[in-house]
Every structure is written in structure tokens, then in C-alpha cells.
Amino acid sequence: MKRSLTLLQEPKSPKWLPAIGAIVLGSGLFSGVALYAAAPEKARYVPLKPSPTTKPASANPASGAVKIAPKTTSLPAKPIAAKPNFERDVAPMVKQYCLSCHSGADAAAGLALDDLKAAGVLKDRHVWELVAQNVESGHMPPKNKPAPTRVQRDRLVEWIQGTLTAVDCQIKDPGQVTLHRLNRAEYNNTIRDLVGVDFKPAADFPSDDVGYGFDNIGDVLSISPLLIEKYFNAAEQITEKAIVLPDVKTVRFNADKLEGNDDNGGDGGNVLLGVTGSTAAVDYDFAKDGNYLLRVRAFGQQFGNEPVRMSLQLDGKELRLVDVTAVEKEPQNFEETITVKAGKHKLTAVYTNNYKVVDAPDPKDRGDRNLLIEHFEIKGPLGEPQLPESHRRLIFQKPTAENSEATARVILRAFARRAFRRPVLDAEVERMVRPVNLAQKQGESFERGIQLAMQAILTSPHFLFRVETNPKNAKADPKYGGEKIGLVDDYQLASRLSYFLWSSMPDEELFDCAARGTLKDPVVLEKQVRRMLKDEKAQALADNFASQWLTLRNLDTAAPDPDYFPDFNEDLRTAMRQETSLFFQAIVREDRSIMDFLDADFTYLNEPLAKHYGIAGVSGSEFRRVVFDALQAKQRGGLLTQASVLTVTSNPTRTSPVKRGKWVLETILGTPPPPPPPNVPELVEAKKEAAATFTTVRQRLQEHRKNPACASCHARMDPIGFGLENYDATGAWRTLDGKAPLDASGTLTSGESFRGPTQLKSILKAKKNEFAMALSAKLLTYALGRGLEARDKCVVQDIAKSLTKNDYRFSALVVAVAQSDPFRKRRSNEGKVQ
Amino acid sequence: MSRQIARRKFLRGVGTAMSLPLLEGMLPLRALAQSEKSAAAQKIIRPNRMMFCFVPNGMHMADWTPTSEGAFELPWIMEPLKNVKENLTVLSGLAQHNAFALGDGGGDHARSTATFLTGVHVKKTDGADIKGGISVDQLAAQQVGNLTKFPSLEVGIERGRQAGSCDTGYSCAYSSSISWRSESTPVAKETNPRLVFERLFGNGEALEEAASRQRRELYKKSILDFVLEDANSLKAQLNTRDQQKLDEYFTGVREIEQRLNRVEKESESNVPLSAKPSGIPQDPGEHIRLMSDMVVLAMQADLTRISTFMFANDGSNRSYRNIGISEGHHELSHHGRDPVKQEKIRQINRFHITQLAYMLEKMKSIPEGEGTLLDNSMIVFGAGISDGDRHNHNDLPILLAGGGAGTLKTGRHIRYEKDTPLNNLFLAMLDRVGVRADTLGDSTGRLEQLF
């Protein structure tokens, strides 16, 4: 608990803050409070409730069917106009409901709230956050004590959150990002851009754990020994693929290694070819495409009036017919350059002109002509090796015997600057050269040495982590309690930007900006963001941000039951994923309004998916943009109607209005329902039996909502899900649920009623501010690689405001995130664990 | 029978010959003959393995718990274990109390995973400041893992979830591993049997000549030196939290360094190529069995003596169509006493047990010394949740298989006092692999009556 006290002793309350209250702390404060509620020590980012100035989402004038339902729940449909006030809304309530336990020296949980005068809200922000959480969630006051109304609770919470946010907006604490290792996608992309080999070496790495909905969260990205092992193996594979070793070899096949079709056998280490058509051959596995020298050493036992003739053949085709005039003890070399593709090829020597006389009367006329082969040699590949592009890029200078070390320095400095994403020090380069020298001492090539040095670079923490150091320009401001805040170094900012938009390392233009020190200039930053969004590497936003924002990576494991959904197959699964990815990319590329995510008149389809949607006229597996006609627009348009989203929010055999409702609350509105109670109470048996007779999901859920413990949250989730009941568990359109007629109507807790997906979308589209805030918060989380904290709300508000001012254009969102304080700045708290 | 022949026989399960470092497990026979050491000494010398198999979403307890204590009839779920019944000890009444909410609200699946082998109440966070505790396998690996090439082996069937949250308010780091190296670092697991194989035996390429192998090791050392120097100088520039992240890196690099040193001492080993899996089978049963083969192979070859094996991740909503169940496992586990759903749950439970039976029978078929591999192992099989509908973490379904190198009396069902910490079992197991630990997590002592 030492840490909590430290936090609370600082920083000093700034004078401009209203003195609003003090909280006396007992030593057991945090553990005590934690007994009552899930109370993370650092307050989690809880999205803001719509601010009182936001117009409550009312009927879309264009859609006459939407109406406000009469208020039937205790939840407020509309905030009270006046801003909550400490004297009126906070102090009396604390006095009435809290102090009976939380006061004096023996205050419950060591938390005394009775001295409400002296200090500022900032000083005690963690306490206030805990009060807000416990009161909002209903954990406090306890069940057997008098409790405030929902409206009173909301006023208290709104005051606490509003006051804290106002403070945060003044302070602009950028927070801290934990040392961030590259995740799998970032590793793959970085290797692609750094080395020029695109073979996804991280495919076999263990999964990156997810925090706050994303797999790029520094705190969560841990390193296990298994992963280190994979890093070493990957570095070896990468450098071996990227750099080709000079490998001209000579392989000799002596007589005993040659295959013959002649049983005459060898003769003193030679193969004897005794009759026409006799062969000696070798099957050789050529490592690479290229030219090779074939050398056959042979001689003849000459007889008759012509010399021994030998046909040299490659894969049965004659290369050359040669006269073997040599005789024993003076064999001759016959050389032939051959061009082959990598793989096995057969090299053959064929004896073509046997001549034999055994029955001549004069023994001088008797004799036998034979061909004898000593060995085959294959040398190659000849000439300049066929170097891959990556090799020429990485080893851009040729070493000579005298200057190989100097060349190694030049090559490695250039590589390490890009790998470490910053200029490298001379001392670092000196160490990098060591493996090169080591390899050469072992009698290996310069290229082998460079491979090793690059392996060292690729397994160095400077490559594997995005290292950020404390800003040099940081100033200590009393507001931060002595902690320093400053702009991150330009190179580090370049990396933040490139990993945000490309999930990869910076390119040369970003490095140039960083070298000139101009990236910190917001104008330059914006220009770079806009340039980067147009680059094809920005597809990473779809691959890594959108797929996680929309929880679509779970599509990989979605398993609709083939008995219920016989049309679902792998092609369709892939097509679903692709539709949403292309749709997202279109919004980024065309810089459309983020409201198009909720409703749009186009999408991307191929034949299987178009069939699934019942849209005619799309044939083939290629995706194309399809603009909906009026009829189609009633069924499709926007993310909520895409099969990908609808499938990941379903169970294998049926739809789940609960999951869909929860998805919309989290993803679109940024108001996730609280977690279910830890021990879901068992339904009474009688009800259980009744439940078995229900035919529709809706009926089952209605029964569920009779339980007050479940009702308050399910009342928020279920109706939204009902609005999407026209889509089955794989996103196909339907009008029946089993055999029962389908009812896609619902009433939201905020009062609006709707019938069917189009009306539901109209309601959601009117909640522009909520959606802008929700998406801003998600994109900021992804951009920073850390969870948002309560104090980041102010930043999220600013980003959402910037969106509003710029017609909700996607680029405005990205620019605002990139220009935000948390993205450009860093707080240094040396030696302190936060 | 000559020693050489005995070793070949011992390896017959592999399908091809491979030569191995001489197992310490084979030593006692000779050692005993020489010096007539006591049975106690033999216990210490015989290698004893520990393995932890985890299944998600609780168990249908009515068909799990034997009706009688001591000698027992196999309940329905355990029937597939009939061939290894005398090698089992069923332990009832054990609990992981710290997996309960204790004020933290929902998230039982994440908690049950992170608590299962640690006995620690993990900190509820979606990312910042992940905090759990060291798990029993890693404690053992840190102390006796140096005896084998791999201190421990972590495998599973399902990758960590790739999007969204894994369980309300808990980072996915809590839900994908039962093995924790330290309080902040879960240990990643391998889910592809082929990759496990390659890790254990190399990628199957022909053996290098001694000279080129030596050279390769020399290079590797120079790279290790380089990166350790980098990491050391970097560490000085970082704040404490970042230093902790870098420490994870150090640990991993040092482990490779140590392994390199150990490998040097070993003789060359041939790779049993025929045993190499080609990838991840579609069928979940085949996947589990293939992974079991890998783990058994690793134990048999004494490449490791410590392993964790997650048959699925907790909260897994996988549907087991291979046994005719198309609803998701998690969805079904919230059965609300619906008999149809409960029937499917117990079938999934029995399916998992069937895979366990495959592994145990395989271990039993491998002779080792005067007994079998199973005799010289301790395999815990169980779940971190008892009833999937209630999410309770007491009265856990726990099975202990194997003879623990003569330290366990098997073929019994033992009922312990309600809410006895599961970690008491772990302390008792640590004793049996020569690891001294006075406490672990919420342990209150060593589990008794095991022998």
C-alpha cells in the first residue's frame, strides 16, 4: 500500500482548483475497497456518458416510424439540464449515505469521508475514482443500507468524472507507455521492409496476448524463453534467405560413384564402357539455377581406324560428341558448360563406337576398342551468382581483401540504423563487426560474416523492442509532481507513427524528417500522416486495427453448425473477412465519414458472399464494389449488416441477441455493459421447466430478464440484438426464426423504439458523439499501445471534437490522434514503478 | 540383455532408432548392484516427471466423483481409463480458493486458468501491471530444469484469443497459460505439434559434421554475447517498469545460453524423422493425441521432465463435432441444469478423458528401468472450475496418474477435507522431484495420504 500513499501525497493541489474536499486515508484503504468492488488500482478508462449538452438521440426526422417510448425504467432517459454541483449534489449525498460507516478513526475499510474541505480533487483522484466506481456499480452503499436513487448516483458520478476531466484537460499528462516489443504482425512487416523478404517468419511465433482488445499493448506483450528461441531461429532463416553465400563448389564422382549399365566393371579405378551404348552416369541435385561446368576425365583403349567416341548427355540429350584420343596413363579432360534449373539432372557419358575383332587370323588384327572413365566433376554455379534483390540491397558494397572490415562497417551501420530505427553509435558498429571477423577467421566468406552480424542485430533488444528513452527536452513542472514531461525524440516519434499506421518500421522519408528534427512540428506530422494513409502499407490498419476493433479475428474460430447452416464453408468465411476489410480500407482510402461505418450504400462482394446475401449479378471469386439498390439497402449497408460481424456475435447453432447487443454497446457506443455477476444465480426449477417450452430466443431472454440481477444489463443489450434478428447466425437474411415469425422490434433503455435493422441503424446513426468518442478511444488505445486511463478522457474528447469539426472524416481522426499529447509526449518517472 | 539392447527397446515407441544421452533413470540398476543403496536413495535417483493437463469449463461432477473412497469403481466419465485404473489416484475436495471473485466480479475463466497452478489471486487488469504468481511447474523448472535440455515444455491445443477481451476485465495474458514463470510473465505455449517436434529434435535435416556444428555453436555464442551486451547497456537507460520487461528478455537469452552449454556435453542424437508430425490436425482428438505423442517423446528421451498441457483454453467455445456436439463448449457449460446440455457436457468431459487415456496407456507401454514411464511420472489432470454453470472453484475435479517413481500409492480415491488447497498437492509433488518449497501460493501444508 506504500504506492497508494505516495500517489496521494502528490502532486500538490494547484491553486486554481476549487478546494472541494479531503479524504482521510487509513492504511488499509485500497485492500479494503477492493473487497467491495472490482477496483483496479489504476482507474480504468470508462467512456464518458453523453455530455449534458449532447442532444439526446431522438427520432430521425427522416424516419417517421421511430418514436420515443414512455419512460418505463428507473434509468434516466435524459440528463437533468443543470450541471451537477458539489454543494448541492455531492456533499449532502456523501453525508447522508456514506458517513454512517465511512467516518472517524474506525471508518469502514479505513476510508473516512467526513473531512470534506481541505484538499483538491486531483490529490485524491484515486479515492474519488473508487467512490465513483463503487457508487455507479451499486456496490455501495451495501444492500441493507439506505441508498440514493439512480439519478442521485448518476449526478455524483457525473460530478466526479467531470471535475477530474476538467483537471486532466489542464494537466495533459501523456501517461506512460511500457517498453513495447514488436508483436507478430509488426515483426513480419518490419522484416519485410527492412530485409526485403516477405515470408512471414513470425507465423510460428506464439500468440501475442491481448489487452484492452488489442495485441499491441506494451504491458501485455511478454517474452517467454520459447519466443526468444523463435527469434534466434527466425533471424537465422531471414539472413540465410536474404543473403546468398558464394558457393561455387566442385564435386567429384569417382568411378565407384558412377552408375553404369555395363557389367564389365571397373578397371583400376576406372569405369570401363565396353559395348556401344554402354553408359556411365550420375544423378546430381543442383542446388540452384545456373551454369555449371561438367568435366569428364576419360581415355580410350584405341583399336581400329577411328578413335574412341563419347557422347556427353544431359538428361538424355546429347551435348557433344567427342573423340577420346587419349590413352591409358594420359587421360584427357572433356569440359562442357551446361545450363540447368535447380533440381536433379542426369549427366551421362555414352560409348558410341565399339569395335572388336576376336577372330582375325593375324593376332595383330585382333583387338577391342573401349572407353574408360576416371571421374566426373561438376563445378558451379559459374559466374556472378544470381543474387536476390535483398542481397544487393543489404550488401551494397563489395569488399576487397584489404578493406573488408571497413566495408562491413558501412554495411552494418546502414542496416542497424534501419533495424534499430535510429542512428547507431560508433561503438555499436565496432561490436557488430566482430562476428564478421570471427567468420572470416574460421575460413568462411565475408557474406557469411554479414549474415551473422545481422542475426545479432535482429535478436538485439534494440530491434525487438521499440525502445523509448526519457525525453531530453523534458521539463519538470510542479503540476506533475516533479515528473518530467517532454516531446519524444523525433526518431521515436517516427516509429510511433509508422507502427501506428503501417504496423512496421519508418520509411526513408520519415527517417529524413526525424533526422531534420521536423517531425515534432504538428504541420509536418499531419502531412506525414496524410501521406502514410495513402500508402498501401496503411492496409495494416485494416489487418490489425479493424480486425481487432470489430473482434473479427474471432471469425477464424467461429464454427456455425453445418446442420443448421449448410452453406457456411471456408470460402464464405474468407469472403466475410474480406468484405469488411475492403469496406474499411475504402473508408480510409477515400477519407469518408466514420458514420459510413454505421450505414453505407456500398460494400464489396464476390459471388459466394453475394449469393449468401441474395444479391444477384456478381459472379466469380473476385471482389468488386457493389452499390445497393433501394431494395438491397433495406437489408444491407454498414458494418452491422455484414456477415463477418453478425457471425462472430452468434453461437454455433443460433443467433445471440445478447452478444450482438453487447457488441454494439462496446464497439459502436462505447458503453460496455458491466460484467455479469460472478455467480450467476441458478434459475428456480419451475421456471427452468417453463423455459424448456420456449421456442424463440426472445422468449428465453424475456424470462431471463425477470431476474432483477440480470435485468438492468440485459435491458440494455437484448433489444439492440433483437433489432438484428433478421440476420441469422451466419448473417443471411431471414424472416422466420425457426418456424416462428420473426420479431425484430425493440425499445432501448434511452427510450427509442424501432422495428427492424434499418430503424435501429437510424437510431445509432443519430448518436454521432457516442460513436465518435468510442472510435476515438479505440484508435487512441491502438495508437499508443496502452490502455486508456481516466485522465485520457480529455484527450478522447478533443479527438472527437476534431472529428465533428471535420465532417467526421477518417483522416481527421488519425491526425488528431497523432497530434495528441499522449502520442507525441512522454512522462519520465525515473526509477519509479507506476 | 545388454544395456545397448535395453535402450533400443526402450525407444521402440519412437518408430526409429535414436541414440540418446544415457538416462539417469537407468543408472540405479547398476548403482544398486554396486553399492546396495537403500530404497530411499533409489527414489532420488530415479527420474520423476511432473505433468499438468488442464481442461476448461468445469466438469460434470455427478459422473466424475467416485462413489466410494479407497478402491473405487470408475465413474462414467473416467471409464476410458480402465486400462490404467490401478495407476490412478482420484483426489476430491481440493480447491483453488483464489480463483473465486473475492470482490473482483466476473472473469472466472481467466482466474481459473491463471490460478490453477499458482494458487494466487491474480490482479484484475486488462493490461497494465499484470500480476499473478509463479506456477508449480516453473518453480520446479527453475530448480531442477537444469537436469534436462529443456527445463520445461508448455503445450496446448488452442492459441490465445486474438481479439476482444478474453474474460471480463482480464487481459488475455491470464487466459492463455496455466504456466507462469514469474508473477508478471505467463509462459507461452506451443500449439503446433510439428513445431514442438522441431524444437525438441531440430528440423530433421541431416546431421552436420562435428566441425561445422562446433563452428555454428561458436557463432551462436558470439551472437549471444552481442545481444547480452546490448541488453545490459540498454537496461541502464530504462525506468523500472521497462527494466522488468527487459528482464524477460534476459531470462530467455540466458536459457538459450545454458542450453547451448548443455548440448555441448551431450553426444549426437539422431532424429526420429518418422515421428515428425506434419502440422495441426483438424480433428481435436487427433490434435490432442499428436501433441501427447510429442510430450511423451520428450519425457521418454529425457529432454524434459516438466510439462504443462492445455487440452483447451478456459472459456473455450469450441464445438466438438467429432463426437456429434455442435454447440460451443462454453455455451453448453452454462447448462442451467438442462439435462440435454448436461449430457453433452459429460460427453465432452469423457472425450477429454479418452485422450488422456491414450497418453497414459502410451506411457505405460514404455518400459523404463524395472517399470514403465508412467511409473516414473506424476500427471495431474483437472479443471480450475468444478461446475461450469456455477463457476465454483472448490471441489475441483482432480486426477493424479502415475507412480511418481515409487512415491505414490495408486488405485485409490481419496476424499480430503472440504476446501483443502490444491496447492498442497503441488507441494507434495515438488518434494517428489527434489524441489524444496515451504509454501506455494495459498498452500497450507503438504497433501497427505498419497503414499
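Modeller: Let me start with a term we will need: a crossing of two helices is left-handed if the near helix is turned anticlockwise from the far one by less than a right angle. Keep in mind that we are looking at a predicted model.

Colleague: Happy to. Which hand does the crossing of helix 6 of chain B and helix 9 of chain B have?

Modeller: The crossing of those two helices of chain B is left-handed.

Colleague: And what angle and distance describe the pair?

Modeller: The axes of helix 6 (residues 193–201) and helix 9 (residues 284–300) of chain B come within 9 Å, crossing at roughly 15°. Angles under 35 degrees count as roughly parallel, so helix 6 of chain B is roughly parallel to helix 9 of chain B.

Colleague: Which residues make that contact?

Modeller: From helix 6 of chain B come B:Pro193, B:Val196, B:Phe197 and B:Leu200, and from helix 9 of chain B come B:Leu290, B:Met291, B:Met294, B:Leu297 and B:Ala298. By class, the contact of helix 6 with helix 9 of chain B has nine nonpolar, no polar and no charged residues.

Colleague: Now helix 9 and helix 11 of chain B: why are they called roughly parallel?

Modeller: Their axes cross at roughly 30° and come within 10 Å, helix 11 of chain B being residues 339–364. The limit for roughly parallel is under 35 degrees, and therefore helix 9 and helix 11 of chain B are roughly parallel to each other. The crossing of helix 9 and helix 11 of chain B is right-handed.

Colleague: What classes of residue meet in the contact of helix 9 with helix 11 of chain B?

Modeller: There are six nonpolar, three polar and two charged residues.

Colleague: Let's turn to B:Asn261. What makes this residue count as exposed?

Modeller: B:Asn261 has 12 C-beta neighbours inside 10 Å, and a residue with 12 or fewer is exposed, so B:Asn261 counts as exposed. B:Asn261 is part of helix 8 (residues 240–265) of chain B.

Colleague: How much of chain B is buried?

Modeller: Of its 451 residues, 54% count as buried. Chain B has twelve helices and eleven strands. In chain A, with 834 residues, buried ones make up 46%.

Colleague: Which residues touch the most other members of the largest nonpolar core?

Modeller: A:Ile457, B:Cys53 and B:Val295 do, in a core of 141 residues. Beyond its neighbours within four places in sequence, B:Cys53 contacts B:Phe309, B:Phe311, B:Leu356, B:Ile379, B:Val380 and B:Phe381. Another core, of 117 residues, lies apart from the largest one and includes A:Ala777, A:Ala783, A:Val796 and B:Ile130.

Colleague: One last topic, the interface. How many residues of each chain are in contact with the other?

Modeller: 70 residues of chain A are in contact with 71 residues of chain B. On the side of chain A that touches chain B, helix 7 of chain A gives the largest share, six residues. That side of chain A has 32 nonpolar, 23 polar and 15 charged residues.

Terms used:
Residues are numbered from 1 along each chain as its sequence is written. Chains are lettered from A and ligands numbered from 1 in the order in which they are written. This is a predicted model: local features need pLDDT of at least 70, side-chain atom pairs count only at pLDDT 80 or more; totals for chains, interfaces and linings use all residues. Axes are lines fitted to C-alpha atoms, for helices over the stretch in contact, and angles run from 0 to 180 degrees between N-to-C directions. Helices (H or I, at least four residues) and strands (E, at least two) are DSSP runs, numbered from the N terminus. Angles under 35 degrees count as roughly parallel, over 145 as roughly antiparallel, 65 to 115 as roughly perpendicular and the rest as oblique. Two residues are in contact if their C-beta atoms, placed from the backbone, lie within 7 Å. Ala, Val, Leu, Ile, Met, Phe, Trp, Tyr, Cys and Pro count as nonpolar, Asp, Glu, Lys and Arg as charged, and the others, Gly among them, as polar. A residue is buried if 20 or more other C-beta atoms lie within 10 Å of its own, exposed if 12 or fewer, and partly exposed in between; C-beta atoms are placed from the backbone. A nonpolar core is a set of buried Ala, Val, Leu, Ile, Met, Phe, Trp, Tyr and Cys residues joined through C-beta atoms within 7 Å.
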